[in-house]
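Here are some quick notes to read with the model open. Have a look at the strands and helices as you go.

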Amino acid sequence: MNEQNAGGVRQRSVEIVVPVYNEAHVLAGSVGRLHAYLETSFPFPFTITVADNASTDATWQEALALTQRLPHVHAVHLDAKGRGRALKQVWSRSEADVVAYMDVDLSTGLEGFLPLVAPLLSGHSDVAIGSRLHRQSAVQRGAKREFISRSYNLLLKAGLAARFSDAQCGFKAVRTEVFRALAPHIEDTAWFFDTELLVLAQRNKLRIHEVPVDWIDDPDSRVDIVRTALDDLKGMRRMFKQTVTGRARIAAVPRRTRTTTPVLPVGAPASSAEHLEYAS
């Protein structure tokens with residue numbers, strides 16, 4: 001995955017995970033669209049990994065077919081459900097410099113992907129999130145989901161002093177070495193995984209970058225809103241206890257430092273490098 005440009009400079013790379021559960025009917029179309037977009041518009045080496053969360057339909061067979069048809073697509077099968085479980089497994093083993101994920105419905109506009117990961121590739125930030133609540137975002141969704149999302153984020157601000165605006169948008173990225181340091185401390189394996197990652201990042205003074213997104217609600221969403229809300233409240237209570245006791249602080253989180261290693265998109269001349277790098 002880590003390629004070199006014409007000047008012999010190693011390219012920063014990104015792995016995008018698409019977690020899926022019983023999505024055989026949309027998987028090929030969505031991954032095909034994502035792959036085509038990245039091949040034509042994304043200037044860095046990339047891999048797309050389809051993470052099958054113990055699907056009971058033909059999702060795994062569709063994922064395997066995609067790996068045969070598209071050169072940058074890989075597939076991983078998990079025996080248990082959970083978006084957080086899938087992300088933790090794939091991200092922890094990734095060889096890319098930056099790991100990201102997006103929902104299979106591609107509700108978030110793909111033109112927001114480069115602005116999402118660019119600050120991580122350059123060394124400016126540690127975690128990046130798409131925010132549907134950003135004043136420059138364009139969002140189409142029902143009043144019920146809008147109310148739930150805004151209420152949840154208000155609870156995070158009140159209960160956990162969260163400074164990020166949208167914890168649950170399915171459009172996130174993180175520097176891989178940072179995630180490896182945070183991963184052992186993330187307990188949730190489902191939907192609260194995102195929030196736990198962001199709270200830990202904030203508590204450890206990591207830089208969280210937010211980008212506005214264009215987002216269209218998926219009417220076929222499989223999320224159980226009531227159960228997810230209850231699990232989120234339990235997770236918030238657990239995170240609050242960790243914060244009070246100081247267990248949210250992690251000593252081994254990698255910090256950004258300046259070096260002479262350049263960060264270049266594919267095909268860029270060495271003279272255009274930004275001299276920013278990270279050190280563990």
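Buried here means under 20% relative accessible area, with exposed over 50% and partly exposed in between (1.4 Å probe, protein chains only). Helices (H or I, at least four residues) and strands (E, at least two) are DSSP runs, numbered from the N terminus. This is a predicted model, where local features need pLDDT of at least 70 and side-chain atom pairs count only at pLDDT 80 or more, while totals for chains, interfaces and linings use all residues. Residues are numbered from 1 along each chain as its sequence is written, and side-chain values use heavy atoms, with hydrogens and water left out.

1. Start with β1 (residues 14-20). Seven of its seven residues are buried, so the strand is largely enclosed by the rest of the structure. Val14, Ile16, Val18 and Val20 point one way, Glu15, Val17 and Pro19 point the other way, and all are buried. Glu15 is worth a look there.

2. Now the neighbours of β1. Strands count as paired if DSSP finds at least two bridges between them. β1 runs parallel to β2 (residues 46-53), with seven bridges joining them, and Pro19 sits opposite Ala51 of β2. β1 is also parallel to β4 (residues 98-102), this time through four bridges; Val14 has Val98 of β4 as its bridge partner.

3. On handedness: β1, α1 (residues 24-41) and β2 form a right-handed β-α-β unit. Right-handed means that, with the strands pointing away from the viewer, the path from the first strand over the helix to the second runs clockwise.

4. Next, α4 (residues 113-122). Seven of its ten residues are buried, so to speak mostly covered: Phe113, Leu116, Val117, Pro119, Leu120, Leu121 and Ser122. Gly123 follows α4 with a positive phi, near 95°.

5. How does α7 (residues 193-203) sit, and which residues of it are buried? Eleven of the eleven are, so α7 is largely enclosed by the rest of the structure. The buried set includes Asp194, Glu196 and Arg203. Lys205, with a positive phi near 60°, follows α7.

6. Finally, α5 (residues 143-160) against α7. Their axes come within 13 Å and cross at roughly 35° (lines fitted to C-alpha atoms, for helices over the stretch in contact, with angles from 0 to 180 degrees between N-to-C directions). Tyr152, Leu156 and Leu160 of α5 meet Thr195, Val199, Gln202 and Arg203 of α7, contact meaning heavy atoms within 4.5 Å.
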